[in-house]
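Dear colleague,

I am passing on the structure we spoke about, together with some notes on what I found when going through it. Please open it first and keep it beside you as you read.

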Amino acid sequence: AAAPPSAGGELTFVPIPPNTLDAVIVPHGYDSAVVIRWGDPVLPGAPPLDVHRQTADRQAAQFGYNNDFVGVLPVGRDGRRALLVVNHEYTNEELMFPGFTTLEAMTTGQIQTAMAAHGLSVVEIERVGRTGEWRPVRGNRLPYNRRITALRTPFDFTGPAAGSSLLRTAADPKGRTAIGTLNNCAGGVTPWGTVLSGEENFNQYFVGGDQAPEALKPKLARYGISITARYPSGSRRWERAQERFDLAKHPNEAHRFGWIVEVDPHDPRSRPRKHTAMGRFKHEGANVIVAKSGHVVAYMGDDERFDYLYKFVSAKRFIPGNRRHNLMLLESGTLYVAKLTGDSPPAEIDGTGKLPSDGAFDGTGRWIKLASGQRSHVPGMSVVEVLTYARLAGDAVGATKMDRPEDVQPSLVTGKIYAALTNNTNRAVGTYPGVDEANPRAANKHGQIFELVEDGGDHTGDSFTWSLPIVCGDPADPSTYFAGYDKGAVSPISCPDNVAFDSAGNLWISTDGNALGSNDGLFATAIEGPERGHLKQFLTVPIGAETCGPFITGDDRSVFVAVQHPGEISGASLEKPASTWPDGDFAKPAVVVTWRLDGGPVGS
Ligand code: FEO
Ligand code: CA
Ligand code: CA
Ligand code: CA
């Protein structure tokens, strides 16, 4: 007889339909609740949110804006307490400040408040009764609770570029300590209990690129910083609060963002670090797996049209239980970028999404070494240049230009790696690069899921195979693909952004920017066996929001998502909100937990 399915392994929930409701919708038999929202107290004694009395000091003690990455790290042994670690990627000033008109018209105090609303929060949470619901621990003694901000939190640089001339500024002549972190998007929890967080679209915080030194301009431009306008459109004008954001005066300040940040939430007094050995780009996030050899390997995406997939292999080995040692693992190692080759004739990749004659978008790939330790592997670039201008290093070695690599995460069940390639509406349009087997659709609106299998299962190796298990969109659209599963049985999905796994190894995918017209959400599918590709929608988020996180607890009883930028609709304001979620007054980004009413494992 066939073995019975393992508990929690099968995704038996009835999928929810696409919708445009201003609510979090979950399947029958599930419930959801807000864990913490923008403005809720984080530090003991913090005031509640009052949009008419916002200051940087108040915001720096409250939960920040636009929650993105969510990590839940157990504390204690009874499974009742955990540390919720959350990124605050950016701010929607028009939805935060009463009477908002333009970014130029904001007061210095409002700018400082927005800077304090960026960064990360660490919040101790507790389980509610015996359910999968969680809530913040309240009280006067909350030793772990912490806010990290763009405004004033110091970060130490580690690795080969720390202290280099490219990182030195007037405020930090040694080039070893940055103030703040910017645009922290996705991230990951490490096997040694820290959190990694990706600094993504840091370019939008800088002005004055037009007056930067000539030699620097091509480098700024490669990272999306305008070199023609003093005030690029949409610029946040933070230089009015802190002069360092003016590249005309402080051109190296831009080099101090775009890194992977490591935060140790278990040690509230620890200084967070920016790891230069992992390279500088528009980091979506980083997720770590321990290789058979004991080296730790971080997989990473650079979220820009036509940018690259990377991995980092530590020089030292993971030592279970030796936290002090493991905290240094990401400070030195080897940075690689991915170069892919399709196995079908290029003529069969016609831009429509039609499968090639071998029935799969798939092929092989190489990890190209960019830098290891203090050594550059890119002719004409020093190791400091390779790391600080990793995009230029990738260009130099001919890395494969991808459709916006967002979250990249290894499955700890199979060791296979999954990347969300969110979309690329410029693919094969005009003079932009054409299609290839990994990025097979022209003007790609809906994105695809990329699966990478290291040769021999060796995460430290330099060769792999890859395929596209899911090519997203409406299943009625012939350009979509769901691993060959019956398209009549799958949910429509568009613009995958974050990926996660439950303990059975099912793949969970959240979306940002659903180009099919309904709200964003969270989906799940088996990724091995006969149910591979049977994608089902588990949750939708309110109007204007994207779905971030997601995070499934180790006991499979709780699914956390971050509802980011609810009500972010053109023309909306605090006074005229497009969403009033979650409290019925105006929109507030919030972290939500979902659980099964009968207390069983989620998904099943
Ligand atoms: Fe901040 Fe790439 O999403
Ligand atoms: Ca093929
Ligand atoms: Ca993202
Ligand atoms: Ca995104």
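This is a predicted model, and its largest nonpolar core has 162 residues. The residues with the most contacts inside that core are Leu84, Met278, Ala298, Leu335, Leu370 and Val591.

In general, the strands of a sheet pair through backbone hydrogen bonds, either parallel or antiparallel. Here strand 28, made of residues 521-525, is joined to strand 29 by four bridges, and the two run antiparallel; Leu522, for example, has Leu539 in strand 29 as its bridge partner.

Finally, please look at Gly132, which sits in the loop between strand 4 (119-127) and strand 5 (134-136). Is Gly132 buried or exposed? Gly132 counts as buried because 24 other C-beta atoms lie within 10 Å, where the cut-off is 20 or more. Not counting residues up to four places away in sequence, Gly132 touches Arg557, Ser558, Trp595, Arg596 and Gly599. Gly363, by contrast, is 231 residues from Gly132 in sequence and 41 Å away in space, taken from C-alpha to C-alpha.

With best wishes

Key:
Residues numbered from 1 in each chain as written. Chains lettered and ligands numbered in written order. Predicted model: local features only at pLDDT ≥ 70, side-chain atom pairs only at ≥ 80, totals over all residues. Core = buried A, V, L, I, M, F, W, Y, C linked by C-beta atoms within 7 Å. Buried ≥ 20, exposed ≤ 12 C-beta atoms within 10 Å, placed from the backbone. Pairing = 2+ DSSP bridges. Contact = placed C-beta atoms within 7 Å.
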